[in-house]
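Work through the exercises below with the model open beside you. Try each task before you read its solution.

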Amino acid sequence: MSPYVIPFEQLGMRDVETVGGKNASLGEMISSLAQAGVQVPGGFATTAHAYREFLGQDGLDERIRTELAALDVADVTRLAAVGARIRQWILATPLPPACEAAVREQLRSMSGGRDIAVAVRSSATAEDLPEASFAGQQETFLNVRGEAAVLQAMHEVFASLFNDRAISYRVHQGFDHSAVALSAGVQHMVRSDVGASGVMFTLDTDSGFRDVVFITSSWGLGETVVQGAVNPDEFYVYKPALRAGRHAILRRNLGGKAIKMIYGPPGSAERVTTVEVAGADRRRFSLDDEAINSLARQALIIEQHYGRPMDIEWGLDGENGRLYILQARPETVQSRAGRSIQRYALKATSRVLASGRSIGQRIGAGTARVIRSPKEMARVQDGDVLIADMTDPDWEPVMKRAAAIVTNRGGRTCHAAIIARELGIPAVVGCVDATGNIREGQQVTVSCAEGDTGHVYEGLLDFERKQIELDSLPPAPVKIMMNVGNPDRAFDFAAIPNRGVGLARLEFIINRMIGVHPRALLEYATLDGDTREQIAGQMAGYADPVSFYVEKLAEGIAQIAAAFAPEPVIVRLSDFKSNEYANLIGGSRYEPTEENPMLGFRGAARYVDETFRPCFELECRAIRRVRELMGLSNVQVMVPFVRTLHEAQAVTQLLAGYGLARGVEGLKLIMMCELPTNALLAGEYLEYFDGMSIGSNDMTQLTLGLDRDSAIVARQFDERDPAVRKLLALAIAACRERGKYIGICGQGPSDHPDLARWLVEQGIESISLNPDTVVETWLFLAQTPPRA
């Protein structure tokens, strides 16, 4: 074996000290996982011995050590000068002749005499370890052709160990500069320039939820995704469904994909170039279902082999249609998180200056520093908010100073997002126009605590931070469930101790993820041109209008159900009122104008009505897709606003006709107990349902004759009123007598812990709370003895 170069297939994780973490991992996958279906392009690596022999020439290593010994990396101007000087020394020093000869020989063996394109990547001996990723610290060169070009790229890779960001990162991670060696990996290029590429993680990067593979993808070479130059497509794949051979794609998000990186023109000095993506390609997903599932299966194999969550780069070769794994390293942020969670909440809001994808579920505030090039980075001081078009590893020395990061471009796996997670600060990426809308020196608050969308607010706003030690919660005397409407928060909320979801609302999914009235989708061909154009924008990436509605609704339901599985997730069928449905695209065409929509065309009466029944059938189709295709049988169905026993009979018959019959495949039908009639005739209603969930808002409104939306009488609205309590007690008693489920999912227990305690005393089975009140209510109820 040569002391200078080693083929990948002869390497494994035992060789980290010889070829660095990245190259050792490539060799490990080629030698151990190829038979299992993981495809990795071949190649070879230079050794740490080659690097150290190179540095040993003319006292180069001693000069570098002396230069770094007196360096304070907080002085970014001095850091830049020292780094540039060291890199010049390295590039001016020739590679040892024996090393160069070994590289040339290995290249000839690799190419077989053909003109091949290779990638030359860096791999440090302290890199891609479970405790430190070093991701993107050194350089990568793509589409390198010819021996001379490969040798020059290797030279530059060696020099990149002393990039400003690499020097700074080693200092912050506590690594001795002289103890870290560099290996250059030379790997066959995958023709993703005419295909697609991206990054995937074997967990959710924001919440740490372990049962999904999270995939990002865009057209062309993967550097645009890693750098954050594009907003990529995103896919979640549910591991248990994938392992069971079921439909496993939980969620798709269509990214903008405005540009792509491709090979430079033949003979050009530019190895790669960036071009705009055609409009039709922007409006379609860059991966089909088969490719998504294939990638996720490879990710599972890699995760199982390494025994930890992994961060994986991949490429789809547009010429041969094959998927390849280009790198795999341990995920180093969420996989190291402890058994405590932090919760942030704004106490007020103000004018929104910019919005994008939220990273980190935190809040930060400070003075905005609008930085347009790395040369301006020294202006960022401790506690400032960094505003930029995008970031790359050169920005890392000052990113550590920031209270928050905001970028125009990038998705959830871009450089800015990765570093923000490592640093534990909020970031809002992909804002498009943040550098234009936010002024230099402006006071701003960056909130990533409000869901998938992050906002930059004007001014320094008050917010609160709570730390919850999950292992310190005492036993509760009742099942504590949660009310969840936003699928984007489901993985995060599932980390809070719970017994499932007592109320999963469809309204958020329909309003935010679909945005179109279901009848407009059913009657798409009859609509005017402007409305069709609006709808076409909403449904981009989906086969047809009806498929868009069913699949998107199923995705939202499935994300909540997967997050909390195997605990029950009670999905309430859509409970929009006519004025709310009218606000959807095309909705005004189909909805009546009602004086009091709260008491009008809603709930069970809407489902059984001939005009809405085809729309209701789409909801049922979505729920069946989740339960039957994906195997998420923890989904239960809840019917809201049932006014009469006749409606109860009619709606349960309709559900059965649409494939959702009680008891089939373990399906439970629950009814909302939110009208006085439901409590007074609870026994009769329970002949059609498997249990009740109390809706305290409507029950209070209809018992006391109050419009809950009226500020004039709002002070009289109180779920603890004796009349309301009497009705709730009737419903609880009826369910207990018949051995059927009884819970509450209304606002009352979240607002009034004393009401929650009274419900426990009455024998309620579960209390479903807003996520932000779970821990406080849990601790309060833990002092209440369970009902005998």
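Buried means under 20% relative accessible area, exposed over 50%, and partly exposed in between (1.4 Å probe, protein chains only). The model is predicted: local features need pLDDT of at least 70, side-chain atom pairs count only at pLDDT 80 or more, and totals for chains, interfaces and linings use all residues. Residues are numbered from 1 along each chain as its sequence is written, and side-chain values use heavy atoms, with hydrogens and water left out.

**Exercise 1. Classify the salt bridge partners Glu276 and Arg282 by accessibility.**

Step 1. Recall the term: in a salt bridge, a side-chain nitrogen of Lys or Arg is within 4 Å of a carboxyl oxygen of Asp or Glu. Side chains of opposite charge can pair when their charged atoms come close.
Step 2. Check the pair: the closest N and O atoms of Glu276 and Arg282 are 4.0 Å apart.
Step 3. Glu276 has a relative accessible area of 64%, so Glu276 is exposed.
Step 4. Arg282 has 30% relative accessibility, so Arg282 is partly exposed.

**Exercise 2. Find where Glu313 and Arg329 meet, and say whether each is buried or exposed.**

Step 1. Their side chains form a salt bridge, at 3.5 Å from N to O.
Step 2. Glu313 is in strand 12 (residues 310–316) and Arg329 in strand 13 (residues 323–330), so the pair ties together parts 16 residues apart in sequence. Helices (H or I, at least four residues) and strands (E, at least two) are DSSP runs, numbered from the N terminus.
Step 3. Glu313 is buried because its relative accessibility is 12%.
Step 4. Arg329 is buried too, at 5%.

**Exercise 3. Trace the salt bridge between Lys479 and Glu765.**

Step 1. The N to O distance is 3.3 Å.
Step 2. This pair links distant parts of the chain, 286 residues apart. Lys479 is in strand 23 (residues 479–484), and Glu765 is in the loop between helix 29 and strand 30 (766–769).
Step 3. Lys479 is partly exposed at 31%. Glu765 is partly exposed at 30%.
Step 4. Now look at a network: Arg369, Glu376, Arg379, Asp384 and Glu440 are joined by salt bridges that share partners. A search of the whole structure finds 48 salt bridges.

**Exercise 4. Describe how helix 29 and helix 30 pack.**

Step 1. Locate them: helix 29 covers residues 753–762, and helix 30 covers residues 774–781.
Step 2. Read the geometry: the angle is about 50°, and the axes are 10 Å apart. Axes are lines fitted to C-alpha atoms, for helices over the stretch in contact, and angles run from 0 to 180 degrees between N-to-C directions.
Step 3. Name the arrangement: helix 29 and helix 30 are oblique to each other. Angles under 35 degrees count as roughly parallel, over 145 as roughly antiparallel, 65 to 115 as roughly perpendicular, and the rest as oblique.
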